[in-house]
Each structure stands twice: as C-alpha cells, then as structure tokens.
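Q: I am new to this structure. Please take a close look at a single part of it, then show me what surrounds that part.
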Amino acid sequence: MGKIVTVVNQKGGVAKTTTAVNLAAGLAAEGKKTLLIDIDPQGNATSGLGISLPEGSPSIYEILIEDLPAGQVVLPSNYEYLALLPSSLQLAGAEIELVGAKDREHKLKRALKGLADLYNYIVIDCPPSLGLLTLNALAAADSILIPLHCEYYALEGVGHLMNTYNLVKRHLNPALAIEGVLLTMFDARTNLAIQVVDSVKEFFGRQVYDAIIPRNVRLSEAPSHGLPIYYYDPKSKGSEAYIRFVLEFLARNQDPGLSVLVPPEEEKPEVKSPIGEIKPVDLSKSGKSSFLTKGRKRKGK
Ligand SMILES: Nc1ncnc2c1ncn2[C@@H]1O[C@H](COP(=O)(O)OP(=O)(O)OP(=O)(O)O)[C@@H](O)[C@H]1O
Ligand SMILES: [Mg+2]
C-alpha cells in the first residue's frame with residue numbers, strides 16, 4: 001500500500017503547491033511510483049506539471065460528485081513514475097455540492113482504495129481552506145505535511161490547523177500522523193526569518209525538517225513553464241533545497257531511493273568577525289617589535 005501524504009495549511013501562498021509538485025516529482029525521480037492529486041479548484045498543481053486538462057475530460061470533480069472510478073481520471077505526466085489526478089474549475093462548486101452527500105468526508109478515501117496499491121506515494125495538494133475538499137484529503141491520508149512560510153505570521157493559524165487535525169483524528173481518521181513541517185521562503189538576510197525558524201522549532205520540535213527552502217526566484221518562475229524545479233533550473237538554490245528535502249523525506253521513511261537526485265554539498269557557514277577581517281600581524285615589522293628589540297638591545301648593553 002502506498003503512503004498518502006496530504007500537503008495542508010489553510011493559509012494561502014505558503015508553498016503548498018510548490019512543495020507538493022516538487023516532492024512528487026522528486027520522489028518519482030528517485031524511482032518511487034508517485035501519484036500527485038490536485039484537490040484545489042485553482043488547479044495550480046495540474047498546471048505546475050505542465051498539464052492542461054483537455055476539454056470534457058474528467059477531473060477529481062467527477063470522482064467526488066459522480067463517483068467515477070479514480071483510475072479513469074489518472075493522467076500520465078511527462079515524467080517516468082509520476083502520474084496526476086487533475087483538478088478542474090468545476091471543483092469550485094464541489095465544496096457546496098458535497099454538503100448534502102452521504103458520507104461526504106470519505107469520498108476521496110473510498111475512491112483511492114483500489115489505487116493506493118499501484119503507487120509508493122500519493123501526494124495531495126490542498127486548497128487554502130479547511131472546507132470539505134481539505135477534509136476529504138485529511139480523511140484519506142496517512143500523514144500531513146505542513147509547509148510554513150518564514151514570516152511574522154507563520155504560526156498564526158497553526159493552532160486552528162492543529163485543532164482541525166485533532167478533530168479529524170478523533171472523528172474521521174484516527175491513524176492520521178504528522179509527516180513533518182517544512183519551512184519555506186526563508187530569507188537569511190532578515191533576523192525575523194531566523195527568529196521564526198527558532199519559534200517553529202520550539203513549537204514542533206523534531207517534526208521540523210532540517211532542510212529549509214529559501215526564497216528563490218527560480219522557484220517562482222518554474223510553474224509558469226510547467227516544470228518541477230529540478231527540470232527548470234537544477235543548479236538553483238531552490239532545486240538544491242528541494243533535493244535536500246526529498247532525500248530527508250525518504251530517509252525519515254527509511255525508504256532508499258535510486259540516488260538520482262544529487263544532494264548539494266554541505267555549505268560551510270562563513271565566520272565573519274564583527275569588526276571585520278582580522279589580518280595576522282607581522283611582529284618583526286611592527287613598531288612594537290622594533291621597540292622591544294631595541295629595548296632588549298639596550299638591556300644587553
Ligand atoms: N521558495 C520560494 N521562493 C520564491 N517564491 C516561491 C517559493 N515557494 C513558492 N513560491 C511562489 O509563491 C507563490 C505561492 O506559492 P504556492 O502556490 O506554492 O503556495 P500555495 O500555498 O499552494 O498557495 P495557495 O494557498 O494559493 O494554494 C507562487 O507564486 C510560488 O511560485
Ligand atoms: Mg496551492
């Protein structure tokens with residue numbers, strides 16, 4: 001049975017989609033059969049893989065509303081081992097249409113029953129809300145992965161997310177675990193970002209990944225080219241950071257990959273003196289030295 005990981009945070013723009021797309025593409029690159037599920041009506045994960053749904057083709061909407069078997073909706077991607085369950089704009093209405101449905105929170109879980117055996121990992125990209133679409137993703141998952149934007153309000157809303165997580169565990173999915181917390185859009189130039197990292201680590205402890213995703217313009221450009229970062233700019237800092245994250249994800253799951261993704265070399269922190277560069281003093285040439293020499297000479301006289 002494949003592991004189902006839901007990328008969730010009701011806050012908008014914290015890099016849920018960027019993380020879901022690059023985690024799924026990274027796992028596939030490492031030889032893991034992976035399915036990326038786009039359960040967000042915005043369809044950013046679908047377009048982020050360079051896929052536009054042909055008109056009239058079914059999407060996850062038909063799975064949730066018309067009980068279409070999920071296998072009929074899965075599309076291949078441009079990458080070996082990576083498949084997509086696409087979203088469509090229609091999905092925006094599903095949140096309301098599901099309200100009266102029987103067992104409405106378990107629609108996705110039921111649809112994935114036959115599919116989970118075909119994949120090593122299923123990664124679900126959620127919309128920025130805790131509505132019925134997200135609840136379906138939480139009810140279907142083995143674990144949740146929480147991206148947190150390194151900014152002042154990073155932890156705002158996390159309490160609400162944790163309440164929802166606990167409610168889902170109590171009522172819908174007792175086995176739901178926390179996969180990990182990924183810090184995103186880190187800007188090393190600001191003290192604030194460093195403080196945010198500290199407070200998130202205080203709150204979540206070992207659940208925070210060592211890999212931290214920096215703010216990187218190549219990451220923001222990649223979706224408009226429909227490419228995961230490893231194929232858009234493999235040498236960028238963004239690509240290096242997501243490679244570190246994917247390898248850490250696999251290591252935490254004790255699941256060796258094919259070693260296709262090359263981890264970047266460990267960066268040695270540059271130690272700078274607060275008063276600038278310190279140059280070694282050549283005592284033989286300094287005035288002090290000559291004074292001492294003279295002194296000694298005098299003494300010897
Ligand atoms: N590390 C990064 N550096 C710079 N830009 C980034 C980074 N990560 C994501 N972005 C950009 O920030 C924006 C928001 O990211 P993304 O769409 O992944 O967030 P999201 O949480 O899925 O948003 P939504 O809540 O709307 O679904 C996008 O334009 C994305 O390209
Ligand atoms: Mg998104």
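How many of the residues of helix H6 (residues 132–140) are buried?

A: This is a predicted model, in which local features need pLDDT of at least 70, side-chain atom pairs count only at pLDDT 80 or more, and totals for chains, interfaces and linings use all residues. Residues are numbered from 1 along each chain as its sequence is written, chains are lettered from A and ligands numbered from 1 in the order in which they are written, and side-chain values use heavy atoms, with hydrogens and water left out.

Helix H6 is mostly covered, with 9 of its 9 residues buried. Buried means under 20% relative accessible area, exposed means over 50%, and partly exposed lies in between (1.4 Å probe, protein chains only). Helices (H or I, at least four residues) and strands (E, at least two) are DSSP runs, numbered from the N terminus. The buried residues of H6 are Leu132, Leu133, Thr134, Leu135, Asn136, Ala137, Leu138, Ala139 and Ala140.

Next comes the core. The largest nonpolar core has 54 residues. H6 gives the most to this core, with 7 residues. Such a core is a set of buried Ala, Val, Leu, Ile, Met, Phe, Trp, Tyr and Cys residues joined through side-chain atoms within 4.5 Å. Ile39, Leu85 and Phe204 have the most contacts inside it.

Leaving aside neighbours within four places in sequence, Ile39 is in contact with residues including Leu133, Asn136 and Ala137. Contact means heavy atoms within 4.5 Å. Ile39 also touches Ile124 and Asp125, among others.

S1 and S5 run parallel, joined by 5 bridges. Two strands pair if DSSP finds at least two bridges between them. Lys3 stands opposite Tyr121 in S5. Strand S2 (residues 34–38) also pairs with S5 in the parallel sense, over 5 bridges. There, Asp38 stands opposite Asp125.

Ala15 has a positive phi of about 85°, although it is not a glycine. Ala15 is buried, with a relative accessible area of 11%.

H1 meets another helix. The axes of H1 and H11 come within 10 Å and cross at roughly 65°. That makes H1 roughly perpendicular to H11. Axes are lines fitted to C-alpha atoms, for helices over the stretch in contact, and angles run from 0 to 180 degrees between N-to-C directions. Angles under 35 degrees count as roughly parallel, over 145 as roughly antiparallel, 65 to 115 as roughly perpendicular and the rest as oblique. Residues making the contact include Thr18 and Leu23 of H1, and Tyr242 and Phe249 of H11.

The loop between helix H11 (237–252) and helix H12 (287–300) holds Pro264. Pro264 is buried, with a relative accessible area of 12%. Not counting residues up to four places away in sequence, Pro264 touches Glu240, Ile243 and Arg244.
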